[in-house]
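Here are my notes for your first read-through. Keep the structure open beside them and check each point as you go.

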Amino acid sequence: MAHAAYDEIAEWYERTFLAGRRVQRDGGDPLGIVRALEEWLGGGVGPCLDIGCGTGVFAARIRELGWEPVGVDLSGGMLRYAVNRLPVVRADAGVLPIRDASVAAAVAIMVHTDMPDYMSVVAEVARVLRPGGRFVHIGVHPCFCGGFADRSNAEAIVIRPGYAETHWTKASWTDRGLRDKVRATHLPLPRLLRIFVDNGLVLDDFVEGGVPIPTMLAVQAHRSCSITFATDDMSVSLME
């Protein structure tokens with residue numbers, strides 16, 4: 001199985017990075033991540049895939065909504081912490097070990113920049129979702145976060161050339177984050193949204209989070225439903 005960059009920083013991520021964010025946020029939700037998850041995933045029953053679950057920090061929220069969170073991540077180091085929070089499987093999110101049309105919901109929370117081939121990941125999500133199944137993508141905002149963005153002054157974000165180019169970089173304005181340690185993929189907004197459409201997902205809604213300049217962009221989508229029936233001389237497919 002492929003090497004996972006997060007294996008090398010799993011302990012730092014769990015004990016330092018997340019702990020620091022908890023203290024800073026004081027239990028709040030300044031980026032609107034939890035709010036987007038609760039509103040758009042909504043209540044349900046059965047398994048909900050947590051794609052790139054990391055150490056499983058959102059498992060409790062998913063469970064509170066009635067779902068049974070199941071984590072998928074490439075990093076064995078991260079999963080050593082996640083296993084105490086939800087059932088997990090170590091796997092490449094671009095090749096999910098799950099049957100076609102077998103799950104009702106999936107989430108990808110603040111992880112798409114960790115995945116060099118997010119197209120393959122979303123294709124797999126679309127494959128394993130049941131018709132009508134929900135997919136909630138919550139990620140860093142592509143317009144205002146990336147190697148091209150200097151966020152050292154929260155009141156005046158500086159956007160330099162580079163947004164329009166897809167890239168994989170360690171460039172970062174801070175050494176206390178993740179990008180400078182494990183790299184991050186940047187996808188311009190049109191290319192990111194096209195990934196959902198090209199894989200047959202129906203876009204339902206969007207929301208930004210974080211002030212004064214958005215840090216988070218969330219997308220709510222679902223797998224389209226289709227009905228195929230035969231007439232005397234043709235086969236007709238109806239899609240919503």
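1. Which residues is Arg151 in contact with, leaving aside its neighbours within four places in sequence? This is a predicted model, so take every contact as computed. Arg151 touches Phe144, Cys145, Ile157, Trp173, Ile213, Pro214 and Thr215.

2. Stay with Arg151. It lies in the loop between β6 (149–150) and β7 (158–159). Is Arg151 buried or exposed? The cut-off for buried is under 20% relative accessible area. Arg151 has 16%, so it is buried. Now look at Thr174. Arg151 and Thr174 are 23 residues apart in sequence, yet their C-alpha atoms are 8.4 Å apart in space.

3. Next, the cysteines. How many disulfides does the structure hold? It holds zero. Cys145 is in no disulfide, and the nearest cysteine sulfur, that of Cys143, is 9.5 Å away. A disulfide needs the two sulfur atoms within 2.5 Å. Cys145 has 10% relative accessibility, so it counts as buried. Cys225, at 29%, counts as partly exposed.

4. Turn to the parallel strands. Strand β1 (residues 47–51) runs parallel to strand β2 (residues 68–73), and five bridges join them. Cys48 stands opposite Pro69 in β2. To get from β1 to β2, the chain passes through helix α3 (residues 59–64), and this β-α-β crossover is right-handed.

5. What follows β2? Trace the chain from β2 through helix α4 (residues 76–82) to β3, and you have a right-handed β-α-β unit. β2 also pairs with strand β3 (residues 88–90) in the parallel sense, over three bridges. Val72 has Val89 in β3 as its bridge partner.

6. Now the inside. The largest nonpolar core has 27 residues. Leu49, Ile51, Tyr118, Phe135, Phe196 and Leu201 touch the most other members. Several elements each supply at least two residues of this core: β1, β4 (103–109), α5 (118–128), β5 (129–140), α7 (189–198) and β11 (216–223). Which element gives the most? It is α5, with six residues. A second, separate core has 19 residues, including Ala36, Leu37, Trp40 and Ala104. As a general point, nonpolar side chains in soluble globular proteins tend to be buried together.

7. Beyond its neighbours within four places in sequence, Leu49 is in contact with Val70, Val72, Leu96, Ile98, Val103, Ala105, Ala106, Val107 and Val128.

8. After α7 comes Gly200, with a positive phi near 80°.

9. Last, a charged residue to check. Glu124 lies in helix α5. Is Glu124 buried or exposed? At 12% relative accessibility, it counts as buried. Not counting residues up to four places away in sequence, Glu124 touches Ala93, Gly94, Val95 and Leu96.

Notes: Residues numbered from 1 in each chain as written. Predicted model: local features only at pLDDT ≥ 70, side-chain atom pairs only at ≥ 80, totals over all residues. Heavy atoms only, no water. Pairing = 2+ DSSP bridges. Helix = DSSP H or I, 4+ residues; strand = E, 2+ residues; numbered from the N terminus. Right-handed = clockwise from strand over helix to strand, strands pointing away. Core = buried A, V, L, I, M, F, W, Y, C linked by side-chain atoms within 4.5 Å. Buried < 20%, exposed > 50% of the residue type's maximum accessible area, 1.4 Å probe, protein only. Contact = heavy atoms within 4.5 Å.
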